[in-house]
Amino acid sequence: MLNTVKENEIYLCADAVCRRSLADSDVCVIGRGFLTDALKATSEYLGENHAFCRTAGEAPSGCTKLWYVLDAEGPDVAGFDAALDLCVSQQLELTVIILLSNINSQSEIQKYAEMELIASHPALAEIREKLKSCCQSGGRVKAVFCDRLFCVISDPLGLREIADKAQNDHTITINQSDALTYTSALYLPDAVTAIYTVSKHGRVGNVYNATSFYLSRYELKSKVCSLLARDGVKLKLAEDNTALSYSALSNGKLKSLGFAPVCDFDDALRYTLTAYLDKFDVRSSFISDGYSGKLALLRGLLKDMLRELDRICRKHNIRYFLSGGSMLGATRHGGFIPWDDDVDVGMLREDFNRFKEIAPSELNEKYSYQSFTNQNGYHYFFDRITAKNTPLKNPTSIKPRATLRTRTRLSAR
């Protein structure tokens, strides 16, 4: 499961970079660690010819841009200085990627109106001075301060501990201080997207804060509980001393460049929890009969299915388009029609015939392909991709819906 979640994270990275036309060339990435690994995997997925090395001295000639990954706590000072010197001497555009994931809790990272990072940690002050000095020397440098990165192998939010508690005790404990503890965090695919965004559209001499979500500890635990409620997990109240804790970045400046998270927090949470849970399955257990207020969760599953269809179509160069209510929802509502519970996809006949032949064997094992040509008793004239292990109770549905121009439909069964 770990590898599957990692692959999904890289797909989200590459998909966002491709859709937003952020792909770049002649870039040399300097650094090590899981973010560098993600940048490399994304570059390979997109077919980019980026160079990756550990030090500035290994940078190949011919590159026009440098991306330098720097951990704010315990930085490689000599390596950072070498990258800044190379930027000035070779007149290369340098994007410095500064990781805040390991900044200790005593360092207050605050949100200010000018949307700049203000922190008490001495390493950050030193880094900012070096960036300023490089600019004053003619260096074409810009920076991205990356918030606490969470993904399958980085857990600054403590999701693994919450998941273990839920699986072992079927409880998630909340207290008063959880409601007063506010934080922000950066999902790995958003970090990669932010780096590409700043490299392509950011202004030299500027610092940008990259963060995805902002929520209280109480909201985080409640969201996890809502995903696991059908498995008997309950919230448990406990008393403690209350103290307001605020530690968050503002990404308004980055948003001005067109940045937006690649998915909402609920999806990012589910994707990450999938790797931490071995007794519960948040991919299929959160759909309840008749929805019972779970429509938003159902739509999370539908978006997963649409991404799977998109992956297959991109791989085999098959054209498709939203149709019916899905097209109307995307245009009028920027997403789903408020009452819609499926996704309508159309294809031209030539593309549909190819998709119909390829999809059954290409689909992720979580899904099945339904058609009157491969399933006895299937009475719809359009084909469907359905999620396995999700219940359908609709015994009176014997007539197809109005889908005259729809050749493929995604739905939950």
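Colleague: How many disulfides does the count come to?

Modeller: The count comes to 0 disulfides. The model is predicted.

Colleague: What keeps cysteine 63 from a bond with cysteine 28?

Modeller: A disulfide requires two cysteine sulfur atoms within 2.5 Å. The closest cysteine sulfur to that of cysteine 63 belongs to cysteine 28 and is 4.9 Å away, so the two are too far apart for a bond.

Colleague: Why do you call cysteine 63 buried?

Modeller: Buried means under 20% relative accessible area. Cysteine 63 has 12% relative accessibility, so it counts as buried. Cysteine 87, with 0%, counts as buried too.

Colleague: What makes arginine 270 and aspartate 267 a salt bridge?

Modeller: The cut-off is 4 Å between a side-chain nitrogen of Lys or Arg and a carboxyl oxygen of Asp or Glu. In arginine 270 and aspartate 267, the closest N and O atoms are 3.0 Å apart, and the pair forms a salt bridge. Both residues lie in helix α10 (residues 265–276), 3 residues apart, about one turn of the helix. An α-helix has 3.6 residues a turn, so residues three or four places apart point the same way.

Colleague: Is arginine 270 buried or exposed?

Modeller: Arginine 270 has 3% relative accessibility and therefore counts as buried. Aspartate 267 is buried as well, at 2%.

Colleague: Which residues are linked in a network of salt bridges?

Modeller: The network links Asp264, Asp267, Arg270, Lys303, Asp304 and Arg307. A search of the whole structure finds 22 salt bridges.

Colleague: How many aromatic pairs does a search of the whole structure find?

Modeller: The search finds 9. Tryptophan 67 and tyrosine 196 form one of the pairs, at 5.0 Å centre to centre and 80° between the planes.

Colleague: Why is this pair called edge-to-face?

Modeller: Centres must lie within 6.5 Å, and planes over 60 degrees apart count as edge-to-face. At 5.0 Å and 80°, tryptophan 67 and tyrosine 196 are edge-to-face. The pair links distant parts of the chain, from strand β3 (residues 65–71) to helix α7 (residues 188–201), 129 residues apart. Tryptophan 67 and tyrosine 196 are both buried.

Colleague: What makes the pair of phenylalanine 213 and phenylalanine 265 edge-to-face?

Modeller: Their ring centres are 5.1 Å apart and their planes are at 70°, so the pair is edge-to-face. Phenylalanine 213 lies in strand β12 (residues 213–216) and phenylalanine 265 in helix α10, 52 residues apart. Phe150, Tyr187, Phe213 and Phe265 form one aromatic cluster.

Technical notes. Residues are numbered from 1 along each chain as its sequence is written. Side-chain values use heavy atoms; hydrogens and water are left out. Buried means under 20% relative accessible area, exposed over 50%, partly exposed in between (1.4 Å probe, protein chains only). Helices (H or I, at least four residues) and strands (E, at least two) are DSSP runs, numbered from the N terminus. Rings of Phe, Tyr and Trp (its six-membered ring) pair if their centres lie within 6.5 Å; planes under 30 degrees apart count as stacked, over 60 as edge-to-face and the rest as tilted.
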